[in-house]
Amino acid sequence: MSWQDVENYDTPFYIPRCYSDRVHKLCRLPNGILTLLISDPKDTISACSLSVATGSHNDPADLPGLAHLCEHMVLAAGSKDYPNAGLYHSMLTKNNGTQNAFTTGEQTTFYFEVPTTQNSGELIFDKLVDVFSSFFKEPLFNPLLTNKEIYAIQSEHEGNISSLNKILYHATRLMANKDHPFSQFSTGNINTLSSIPQLKKINLKKALLDYFARNFYGSKMTLCVRGPQSVNTLTKLVVSKFGDIRANNGLKRSKFGSISSRLSISSFQSKERQPTDLEQYNILKSTWKPKYREAPCFTHDSDSANMIFIRSNKQSTLRFLFPVEDKFSKFSSKTVSLFKNFWCELFGDETKGSLCYLLVGKSWITDCFAYTSEFSSGSYGLILQFALTNTGWDNVDKIINIVLDNTIAAFIDKPTDQLSCFLKEQNTIDLIRFLYQPTEKSPMEECSNISCLLQEDLEDLDISYLFKGAPTISDCYSNDNNTVDMIEYEQECWLKQAREFQEFLKVFMNRSNVFLFLLGNEKIAHSLRSIIRIRYFLLMQCMSLNILNVIYLRFPKLLSTQYTFQVPPPNAFIPPSCQDVTILQQLFLESSLKSRFSTFRLQLLNTNLGNVPHLISRNSSYEMWALDNPIDASIDKKSIMSFEIFNRSMIPSPENSINLEILSQILSTLISPQLYPSIRLGYSYEISSSPKGDIQLKVTIGGFSEGIISILDTIVKTLLFIMKTPQFPSKELLRRSRVLVRNLYEAAASDNCVTLASMGLLIILERNMWTLQDRLEALEEIDMVSFKEFCVQFLEEPMYMNLLIQGNLDYGEEINNYLNTNLTHHLECSNVKNEKQSSTLSTILLEPGSNFYAKYNGHMDDPNNSIVYFIQTGLRTNRRTVTLTYFTEYIMSLTLVPDLRNKRQIGYAVFGGLRELTSTIGIHITVMSGISPSDLEIKIDEYIAYLEETLLNSLTENQFTLQYKQGYLDLLSNHKFMELEKSGGPADLLNEVVANVQSGNADELNSHFMKSHKHFFNEISNKRYQFKGDSELVDIEVIKNLTKKEFLKFFREKVSIKSKVRSKISVMIESPMAEMEIVNRKTFLQLQAFLKLEGFTINSEILRDIVERANGRPSALIKDLFKYFRERNEALRLCTVILKEVVKVSASSLKHRYTPKVSSSKMKPKRQSSSNWDQDTEPAIPLKEIKDLNEFKGRPSYL
């Protein structure tokens, strides 16, 4: 097969300015795989993503989660050409690459990226593509690996239990049409993928092979590949590697039990007609239409429930869901796509006159979100979600009626000229944000997004806007008449759009087309019954989320509440140069033409990536730094600025930290309505106190340079008003702000156990990071008097300021002068050369020979345990220590996950690597599992002993050089060395702490540009000034001259469990759920599912009561089940059919964790050896518990 057989599509893409140096090629391989190739000579990373139009909606009724299991097994179990199951992952790890995959209802996507390096003259990427593509030809589905992946899915499933979004997603499924696949449980767990298949004697390998055979073939696949190679080179690569994937599902099974798909002429003659025109492509609809058989995702029945209450200790939440089915409406799918985006902006508005403004003003909610969700092809949800206060719960009936009767009616009845102006402006804003969007940090994330989009309806999407991800309204600008006629034409066109949008609201936003979801705790569950008249009441256990208790309700219609809603006013933050749509279209045309002809221009590597901030000026009261680095063309009009002011005489304390957080919340409440229009345009701002406890307030603003001063002025003037006005804030505003601070801490406390353990490490080792208890106690003590006293002292005492401006520096001096005149007066101080006035707070340096642990309870709804095992290797100022710690991280990255997760199967989330604190550096190993934290401690000790004795000690000097040193040096010398945070998590957790107040688009807030800015600023704030990347911190000469003996000396002193001078601490998070409670819950779910399959009917609450009374005893369980079914004359059938299986269920539930229990929960359990890990794993230093954290943090530091 030749690459010349590829069918190319000459498609002019609208692209953002940051893509203008790239070349894009859309083509179809001979076997039907629609492919987009992206050539960017400036890329240092190559990426590949393949999407298949199959997902959980294809799960067999008796195997929920099969699609998810197939996703895991495809990559984990090897292929006929590459049967080594670990080859793909080990190649990625050795070359600093990363991969991921996900399964939705209709799609499964696999993707990876790797630095563009060579090995023996061959690109590593090319070799990886060969291995990757082989998985989609003849996967092995090795049954020996199936259980490992089922355990991984089980852990993933249990991790979902602590996610608010996942809980609400599964509640949404319960409301869906039972005849639609969306209503099915899709994640899978050990019950649906192991217990039930065993009971029903289902051959999982055969099921996987059949599923793969029916769904994985070329005409259902789309591909995206990105790299620095030319498009011709990329074309040859994809044809040679993906071109022999079978085109259709007519395949045979080989004698080895794998999928046989050898290339033949007939294999390309698909039974499914291939579209000849690009606009005819609609892979998802053509695939799923026969499956759905016109069944809507949601149905409405006057007798059916339309409200669910979920009992949970998460943030109290009210969610409205308005289903949109384009195939059953008079609106085209393109119109629906356009209008649902406009809907988000209209109902998510926070300016005065908006729904959010009303509800926040009444102290009923703290947050409002408006977004859309796609449940299946052509089936969407318009979602309004509110974070409720206690007062909000008391008025939940009023909120419901305000939304359903007032808000919707207000916009339907509004004069269309107001709506038309809003739609026109929002269309312009969409184009501006797209044109100036930041570069994607991860090429593989962009590729995965594109490979999924290529399966949409390309006519409705408008393939020209592929990179935007949604169509735009262009018809209103396409008239060729004279200027006067053109203006009239545009006005009439937008009025027409407004009228149609009002009709859209009328059709989909009404009482007969809404589902409500309320989530709250036990107390709220009881109060809800008195608020809303209950038509009928039913408790139900959800199989997919073990903790989900739901109450189906029918809500009544109450009297409306009068309120005047307004369409958002004109956006004053739109830059003058962007207000003319014709100019924007011209800029798009220029970007597109530049891209199309970029192959004829000399391409230079991006030299800005190594730029670092430079000190502009300094005196005894401030430092100003600047960095002029437009990383790409999208940034030439944008800037990010951060400044922090901190008091140099106030003593750090929990009370002062909390006062700053309250101040941030009051400030946010006042400025949000004013600054929300800037957020719509792509600006962002953050306001935060220092997480380390110093008396510091930090502000970060990003967006178009010319608008930053206006945002800064609003923030500073409001800040001064709060702090200087004696009678402000009101008691109500102070109370509301204290509630917001408490809510943030409650949300943090309910996070997953891995996050709690990681943050626990910071709290223990960073000297003035206060515990949650310290902060909550301080919060209770603060009143109006103490808050105002703090404000006066904070402003009047001498302050110090740090300022960093990055990107477009045209307004840099103006920003500095503004802050000096209105806030800090820092320029009035004398110049002091090389003076560093800020107080940098140090990290506690663990004593040599320490082996501490601290144990805390996790969230009451989280059944998982976790551990962060941290080895402190030394100071960040010691370059040799830093270098050897980085090298240790690299060696561990090659073995940690394969050994602990894949072989030992101690948990789903297993990762480790570098961990940087303010003053120290070290290595962490983090695990989330069902195993007790004390047992996880042992497993990690065993791994470190195995790493030392079996792997490192057995190496010759030459093997040490070839296996470790050379690979590491290759990464450094090829400038492909990046932080291994993708597999080990972020190195510096302080950079990951979310600001107290954060407003902006997630893409902007999480962009590479923003993250690099925060890293630079933290280095300035901490007075480290280590701006270079990790490769600059590593002393290459140390690695080049490093011998095995020298490295083992470092390892045995700093890392080895046999070391008597090692400094180590573990933070353990243990689920407060009792062990037997978890066992009973698992037993209940398995029995419930099996009894239903066998045709036995039993009330959920009765079955749960039987299981709990049995308390893990199979005989008691059988006795009570027999008694229950004997009363219903079904005892004989019960005995003959399922009593044997009931014993199996009960027994399997007692060993529900990933491995048999190693020990009791005591901290000195019995240590077990294995054939591979047979070393003495008793640490030289016994574990010592930290019982009093304040006493521990009072230890003298060696710093």
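Helices here are DSSP runs of H or I with at least four residues, numbered from the N terminus, and L404 lies in one of them, helix α13 (residues 396–413). The model is predicted. Its chain contains 41 helices and 31 strands, and 61% of its 1199 residues are buried. Of the contacts between residues at least 6 apart in sequence, 82% link residues at least 24 apart.

- L404 has a relative accessible area of 8%; because buried means under 20%, L404 counts as buried.
- The C-alpha atoms of L404 and V514 are 9.0 Å apart in space, although 110 residues separate the two in sequence.

**Packing of helices α10 and α14**
- Two packed helices are described by the angle between their axes and the distance between the axes.
- For helix α10 (residues 333–347) and helix α14 (residues 416–435), the angle is about 105° and the axes are 11 Å apart.
- Because angles of 65 to 115 degrees count as roughly perpendicular, α10 is roughly perpendicular to α14.
- On the α10 side the contact is formed by F342, E345 and L346, which meet L419, F422, L423, Q426, N427 and D430 of α14.
- By residue class, the contact of α10 with α14 comprises five nonpolar, two polar and two charged residues.

- Helix α15 (residues 443–453) is largely enclosed by the rest of the structure, because nine of its 11 residues are buried.
- The buried residues of α15 are P443, M444, E446, C447, S448, I450, S451, C452 and L453.
- The elements covering these buried residues include the strands β3 (34–39), β4 (45–52), β5 (98–103), β6 (108–115) and β9 (221–227), together with helix α16 (458–461).

**The kink in helix α29**
- Helix α29 (residues 957–973) has a kink of about 35°, centred on K965.

**The largest nonpolar core**
- In soluble globular proteins, nonpolar side chains tend to be buried together.
- The largest nonpolar core of this chain has 101 residues, among which L36, M641, F643 and L819 touch the most other members.
- Apart from its neighbours within four places in sequence, F643 is in contact with L697, K698, V699, L712, M801, N802, L803, L819, L823 and F1017.

Note on methods:
Residues numbered from 1 in each chain as written. Predicted model: local features only at pLDDT ≥ 70, side-chain atom pairs only at ≥ 80, totals over all residues. Heavy atoms only, no water. Bend = angle between axes of the 7 residues up to and from the residue. Helix = DSSP H or I, 4+ residues; strand = E, 2+ residues; numbered from the N terminus. Axes fitted to C-alpha atoms, helices over the stretch in contact; angles between N-to-C directions. Parallel < 35°, antiparallel > 145°, perpendicular 65-115°, else oblique. Contact = heavy atoms within 4.5 Å. Nonpolar A, V, L, I, M, F, W, Y, C, P; charged D, E, K, R; others polar. Core = buried A, V, L, I, M, F, W, Y, C linked by side-chain atoms within 4.5 Å. Buried < 20%, exposed > 50% of the residue type's maximum accessible area, 1.4 Å probe, protein only.
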